[in-house]
Amino acid sequence: MPIAQRLANGNGMLEVRRSEEGLELELTGEWRALRFGEIEAALATIDLAGTRRVQISTSRLAELDLSGAWRLHCFIEKARSAGREVAFKSAPPDQLRLVEQTLKGQSPPCSQQKPKVPLSLLEELELPAMRSLTLLGQRAVLNVRDVVSDLAFLGRMSVTFARALTRWRRLRPISIARHVYDTGITAIPIVSLIAFLISVIIAYMSAQQLRNFGAVIFVVDLVTIGVLRELGVLLTSIIVAGRSGSAFAAELGSMKLNEEVDALYATGVDPYEILVLPRVLGLVIALPLLTIVADIIGLAGGALLCRVLLDIPLTQYFTRVQLAITATTFWVGIIKAPVFAMLIAMAGSHRGMQVRDSSRELGRLTTLAVVQAIFMVIFADAIFAVLFLEMGI
Amino acid sequence: MIYPILEVIGLVNRFGNQLVHDGLSMEVRTDEVFGIVGGSGTGKSVLLRSILGLQRPQAGIIRITGRDITRMSSSQLSEVKARYGVTFQQGALYSALTVRENVQLPMIEHVEMDPEARDELAMLKIRLTGLPADAADKYPSQLSGGMIKRAALARALALDPQLLFLDEPTSGLDPISAAEFDELILYLQKELHLTVVMITHDLDSIFRTCNRVGVIVDRHMEVDTLEGIVNNPHPWIQAYFHGERARLHLEHHGA
């Protein structure tokens with residue numbers, strides 16, 4: 001009588017007995033997907049060396065699901081390909097048959113048998129250099145395409161705008177008003193706060209320096225010109241780019257994903273006319289107004305700080321403001337606002353309309369919209385600065 | 001052994017003044033296909049959301065494999081969730097992931113497994129639902145409506161659940177694809193010993209697949225076998241099962 005020798009107890013999933021006839025595996029417990037790790041570990045303890053026959057018994061198996069059956073199938077295939085004889089004590093479980101049926105026509109897909117194909121020497125040498133070159137080329141082509149598509153968008157916007165001008169109703173005044181509210185009115189608190197803080201920062205810093213020369217009164221000039229010409233409009237634009245540029249991109253992008261934009265096309269409504277144009281025009285109206293708010297709050301902040309910190313009385317502050325500004329100071333700042341608004345709205349809308357297929361695209365393009373909007377605002381501001389210098393304003 | 005794998009007792013769901021369910025009870029037995037039917041706005045989806053633990057009901061007990069999920073901590077709930085699979089109406093596949101990655105996601109979350117085994121196992125599930133192998137590396141936006149339903153089913157089967165919830169599995173499919181999908185569900189139900197709970201409007205689908213049917217009427221549920229429910233005297237149920245379209249089925253089934 002062969003002495004059955006109990007070799008291992010594979011953590012409750014498996015009992016292994018080695019007899020003269022071969023290996024006897026008794027599957028126990030729950031062979032479920034959720035215990036896949038334990039199944040793997042149990043099967044890994046089996047040593048097939050020195051046996052010819054493997055006999056599997058499933059009578060004590062509490063549960064066998066498809067993942068468990070698949071793992072068993074892999075084990076059996078591996079044993080068979082190593083020249084072992086595998087048999088079941090009773091009928092093989094149904095689940096195993098299902099796995100085999102499903103995989104029929106395919107070589108055993110066992111994870112162990114996948115030798116990596118080594119690369120040839122040439123490929124290995126060429127790969128990094130080639131890859132970076134390819135990448136460079138791809139990026140270049142993509143960038144050119146991007147510029148072309150930006151121009152196409154601009155052209156399309158202009159055409160839509162021109163067409164809308166022929167009929168008042170096509171300008172969608174109600175929609176524009178909504179966007180003025182969303183991008184302008186609701187932004188007033190944060191824009192005011194930032195304008196106030198910025199003027200405080202300028203006044204505080206310049207006061208420290210100018211005090212050395214006994215020229216504290218010029219703090220007023222710095223705050224006034226700084227806020228009116230540059231900082232009021234620039235910071236407002238950057239805040240709006242973050243708030244509304246991203247909102248435009250996300251709104252239009254999710255509408256694209258929901259096929260709402262396609263639905264508009266299908267009903268014969270131009271999405272550029274009903275979605276993009278009101279956003280652009282709304283922001284073109286809202287941003288100059290916001291800039292005026294920022295200017296006022298900025299000057300007020302300067303006045304407060306001068307009064308409290310530098311003991312400049314309010315009357316003197318305002319006389320000094322009158323002296324500091326020329327007729328153009330305010331307009332130089334405000335004239336930039338509609339241009340910045342166009343840039344922000346177009347970046348947001350265009351990126352939003354480019355969203356396709358997946359939510360990841362939505363995130364990527366929304367980020368891109370904000371980054372590009374801020375970049376373009378600052379870039380345009382630089383051009384304005386040079387332009388105004390040349391014009392002597 | 002027949003024991004209720006899913007049991008709902010006295011469920012109450014209320015939104016503001018609107019009472020959606022008032023003492024709704026049902027039980028689903030192992031190895032059956034249970035259909036949930038109801039008019040629009042009767043709270044089929046709310047019922048499903050309550051059962052899935054996506055929404056806490058005002059009152060009532062919901063037991064899945066004998067354990068009450070309304071009084072569970074989130075970690076216990078996550079354990080139960082690994083035991084059932086769900087497909088949603090629109091598929092709800094993750095649009096940023098390929099079909100294969102969609103199927104792998106539940107495995108990554110719940111099971112320790114080496115990536116290659118996971119790959120193979122995901123492929124097995126994809127083939128099991130009748131998708132061609134090249135669909136595995138496509139994104140959801142590249143799939144047809146029928147393929148999305150199958151991919152969603154493959155994802156629901158990722159962890160080999162015993163219990164499968166299907167929310168309108170055949171909606172938006174043409175009758176032939178719908179019939180094929182029903183066949184697939186029946187095949188999987190038989191082979192994998194699944195218990196299937198499906199919400200559906202599709203009469204063809206109900207007559208083809210369901211053993212028992214629960215109809216939501218007047219904020220509670222009438223549960224019976226297919227033959228029994230057809231003869232239920234409630235006017236809405238009569239109208240539903242004896243409308244123009246249903247008559248054909250009844251003649252065919254001889255009920």
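**Briefing: a predicted model with chains A and B**

Leaving aside neighbours within four places in sequence, A:Thr58 is in contact (heavy atoms within 4.5 Å) with A:Leu27, A:Phe88, A:Ser90, A:Ala91 and A:Pro93. The model is predicted: local features need pLDDT of at least 70, side-chain atom pairs count only at pLDDT 80 or more, and totals for chains, interfaces and linings use all residues. Residues are numbered from 1 along each chain as its sequence is written, chains are lettered from A and ligands numbered from 1 in the order in which they are written, and side-chain values use heavy atoms, with hydrogens and water left out.

**Chain A overall**

- Chain A contains 13 helices and seven strands; helices (H or I, at least four residues) and strands (E, at least two) are DSSP runs, numbered from the N terminus.
- Of the 393 residues in chain A, 42% are buried, where buried means under 20% relative accessible area, exposed over 50%, and partly exposed in between (1.4 Å probe, protein chains only).
- Among the contacts in chain A with a separation of 6 or more, 78% are between residues 24 or more positions apart.
- Chain A has an accessible surface of about 20900 Å², and carbon and sulfur atoms account for 64% of that surface; the areas come from the Shrake-Rupley method with a 1.4 Å probe, and for residues only the protein chains shown count as cover.

**The interface of chain A and chain B**

- The size of an interface is often given as the accessible area lost when the parts come together.
- Between chain A and chain B, about 2400 Å² is buried, with 56% given by carbon and sulfur atoms; buried area is the accessible area (1.4 Å probe) that two parts lose on being put together, summed over both.
- A:Leu34, A:Leu66 and A:Thr102 supply 22% of the area that chain A buries against chain B, more than any other three residues.
- The contact involves 27 residues from chain A and 26 residues from chain B.
- Six residue pairs are in polar contact between chain A and chain B (both at pLDDT 80 or more); a polar contact is a pair of N or O atoms within 3.5 Å, where within protein one must be able to donate a hydrogen and the other to accept it, and residues adjacent in sequence count only if both atoms are side-chain atoms.
- On the side of chain A that touches chain B, the elements giving two or more residues are helix H1 (36–44), helix H2 (66–81), helix H3 (94–103) and helix H13 (359–391) of chain A.
- H3(A) gives the most to that side of chain A, with six residues.
- The side of chain A that touches chain B has nine nonpolar, eight polar and ten charged residues; Ala, Val, Leu, Ile, Met, Phe, Trp, Tyr, Cys and Pro count as nonpolar, Asp, Glu, Lys and Arg as charged, and the others, Gly among them, as polar.
- One salt bridge is found across the interface of chain A and chain B, a salt bridge being a side-chain nitrogen of Lys or Arg within 4 Å of a carboxyl oxygen of Asp or Glu.
- A:Arg97 and B:Glu191 form a salt bridge, with their closest N and O atoms 3.1 Å apart.

**Salt bridges over all chains**

- Side chains of opposite charge can pair when their charged atoms come close.
- Over all chains, the structure holds 34 salt bridges.
- A:Arg53 and A:Glu85 form a salt bridge, the closest N and O atoms being 3.7 Å apart.
- A:Arg53 lies in strand S5 (residues 53–57) of chain A and A:Glu85 in strand S7 (residues 85–88) of chain A, so this pair ties together parts that are 32 residues apart in sequence.
- A:Arg53 is partly exposed at a relative accessible area of 28%, and A:Glu85 is partly exposed at 44% relative accessibility.
- In the salt bridge of A:Lys336 with A:Glu230, the closest N and O atoms are 3.1 Å apart.
- Because A:Lys336 lies in helix H12 (residues 336–354) of chain A and A:Glu230 in helix H7 (residues 218–257) of chain A, the pair ties together parts that are 106 residues apart in sequence.
- A:Lys336 is buried at 1% relative accessibility, whereas A:Glu230 is partly exposed at 26%.
- B:Lys125 and B:Asp160 form a salt bridge with the closest N and O atoms 3.4 Å apart, and both residues are buried.
- A:Glu15, A:Arg17, A:Glu24, A:Glu26, A:Arg60 and A:Lys89 are joined into one network by salt bridges that share partners.

**Two buried residues**

- A:Thr58 lies in the loop between S5 and strand S6 (61–64) of chain A, and A:Thr58 is buried, with a relative accessible area of 14%.
- B:Gln189 lies in helix H6 (residues 175–192) of chain B and is buried, with a relative accessible area of 12%.
- Not counting residues up to four places away in sequence, B:Gln189 touches B:Asp31, B:Glu32, B:Val33, B:Leu194 and B:Val196.
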